[in-house]
Amino acid sequence: MKKGKILLIDDDIAFLTITEKILGYAGYRVDTDSDPADAIERADLGDFDLIITDLVMPQIDGIEVIKSILARHPHKKILVLTGNATIETAVEAMKQGAYTYIEKPVESDRLLRKIEEVFYFENHSEEEALLIDDSEIYVGESPEIAKVLKMAEKIARVESGTLILGESGTGKEVIASLIHKNSNRRNGPFIKINCAAIPESLFESELFGFVRGAFTGAIKDTKGKMELARGGTLFLDEIGDLTLLAQTKILRAIQEKEIYRIGGEASVEIDFRLICATNKDLRKLVEEEKFREDLYYRINVATIHLPPLRERGEDIDGFIEYYRTEFAKKFEKQIPVFSKEVMDCLQNYCWPGNIRELKNVIERIYIFGEVNKEVTLLDLPAEILNNDHSSLSRNENNMQYKDAKYEFEKNYIEKMLIKNNWNVSKTAEEIGLSRRNLHEKINQFQLNRGGFNDSGR
């Protein structure tokens, strides 16, 4: 059965001969070319479904081959071959438009599996949406998150090292899970590790496992997370928190594709897709010699930057409604009415803890809130009410000065009234206004919330 047409470019004649036979036996139609300059100029270049090229060749650099081919055929799929010493060049190849890469020495089964991935996803529509089960997850609908999902969709099709960057609470694990669910490893396990939460003394046993008797308490052979992830995806969260020694051990494992359990003598083959995430600047850590440069390039072929919630304001309302529904079911409690002031406050808050903080706030409301009773500002945490960043709306960049001034003054007075339990006299004294002026402001801003305790009159 013919599966597609492949052009193989490499200056190693022996490699071309052997690989052509392997791919031919697998059902592919294969042409070879040992001269990259000749390959670039081939008249039938557009007829190939996939081009496989070495990166290091004496005549023409592999990067130039990629640039030249994609200049004429911008949608052509290119798989690059790279040695361990040229992983940095592989990263550059991906940036120039290469579809994916595989390391030398090339094992036949790995090469065939990689090619099958390319053709599998090539036969699926480019316009297919990322598989998101709305009953399990909400990711937002803002333009910022739409870009992230589009990148995740493309990354899911290949197995290149993936690094997800973003502040704590932005949903890095969610995106990693989506990539896994949309990859050809979707039927395998999704194993996650929070690198920041594992004590250094337990790191090796957690990742590599151990054999019975390896140490006190090792009463049976136990698989590590790397072994458990076989056939699926391993997600290393907060990888920037690892020690240099731990980084070295991870690098060796993913290079050799094998591990040794603690106390074990036999090697264990590992086979997983690796996705990493961090809220730290790894490039800076590399410069400070706190993160291995070779590991950095291993995990950072494809990068996704997750924007903080404050930069995707259009999604805040959706998250509020999503978590309201979730916690109404969880606590079997209906709290149908959030006051306008509460919604405005939640929508305008800067959310330094991002989605995780918003989720915690909504959960708190459902824990302490009363059934069928309106949620008011008094039900919100003090840090939200007193945070300066919430004084203006998230559309403040488009505000006229007079509108910004109005919003600030309204929110300031409202927060001070809440702080003083709506005692007008006490609030007026604290902020330096007369009671009469404060009453005028309350009427102006329509802050008639539940009556006032004006004990000073």
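Which residue in E13 is the bridge partner of Thr162? In this predicted model, in which residues are numbered from 1 along each chain as its sequence is written, local features require pLDDT of at least 70 and side-chain atom pairs count only at pLDDT 80 or more, while totals for chains, interfaces and linings use all residues. Side-chain values use heavy atoms, with hydrogens and water left out. The bridge partner of Thr162 in E13 is Ile275.

The chain contains 19 helices and 14 strands, where helices (H or I, at least four residues) and strands (E, at least two) are DSSP runs numbered from the N terminus. Of its 457 residues, 50% are buried, a term that denotes under 20% relative accessible area, with exposed set at over 50% and partly exposed in between (1.4 Å probe, protein chains only). Among contacts (heavy atoms within 4.5 Å) with a separation of 6 or more, 70% join residues 24 or more positions apart.

The pLDDT, which is the predictor's confidence in each residue on a scale from 0 to 100, has a mean of 84 over the chain, and 88% of the residues reach 70 or more. Confidence is highest in E13, at 96, and lowest in helix H4 (residues 87–95), at a mean of 70. For residues 124–129 the pLDDT lies below 50, and this stretch has six contacts in the model beyond near neighbours in sequence. The pLDDT is also below 50 over residues 388–395, a stretch with 23 contacts in the model beyond near neighbours in sequence.

Strand pairing, for which DSSP must find at least two bridges between two strands, gives an open sheet of five strands in the order E2-E1-E3-E4-E5, with parallel pairing. Strand E2 (29–33) and strand E5 (100–103) each have a single partner strand and stand at the edges, so one side of each is left without a neighbour in the sheet. Neighbouring strands of this sheet are turned by 20 degrees against each other on average, direction ignored; axes are lines fitted to C-alpha atoms, for helices over the stretch in contact, and angles run from 0 to 180 degrees between N-to-C directions. Strand E4 (residues 78–82) runs parallel to E5 and is joined to it by four bridges, with Tyr101 in E5 as the bridge partner of Val80. Helix H3 (residues 62–72) lies across strand E1 (5–9), strand E3 (50–54) and E4, and runs at about 175 degrees to E4.

A further open sheet of five strands, also with parallel pairing, has the order E7-E10-E13-E6-E14. Its edges are formed by strand E7 (190–194) and E14, each with a single partner strand, so one side of each is left without a neighbour in the sheet. The twist from one strand to the next averages 20 degrees. Strand E6 (residues 162–165) pairs in the parallel sense with strand E13 (residues 273–278) over four bridges, and four bridges likewise join E6 to the parallel strand E14 (residues 302–305), where His305 stands opposite Leu165. In a regular strand the side chains alternate between the two faces of the sheet. Both faces of E6 are covered, with Thr162 and Ile164 buried on one side and Leu163 and Leu165 buried on the other.

When residues up to four places away in sequence are not counted, Ile362 touches Ile320, Tyr323, Arg324, Phe327, Phe338 and Leu346.

Zero disulfides (pairs of cysteine sulfur atoms within 2.5 Å) are found in a search of the whole structure. For Cys276, the nearest cysteine sulfur is that of Cys195, 7.3 Å away. Cys276 counts as buried because its relative accessibility is 0%, and Cys350 is buried with a relative accessible area of 15%.
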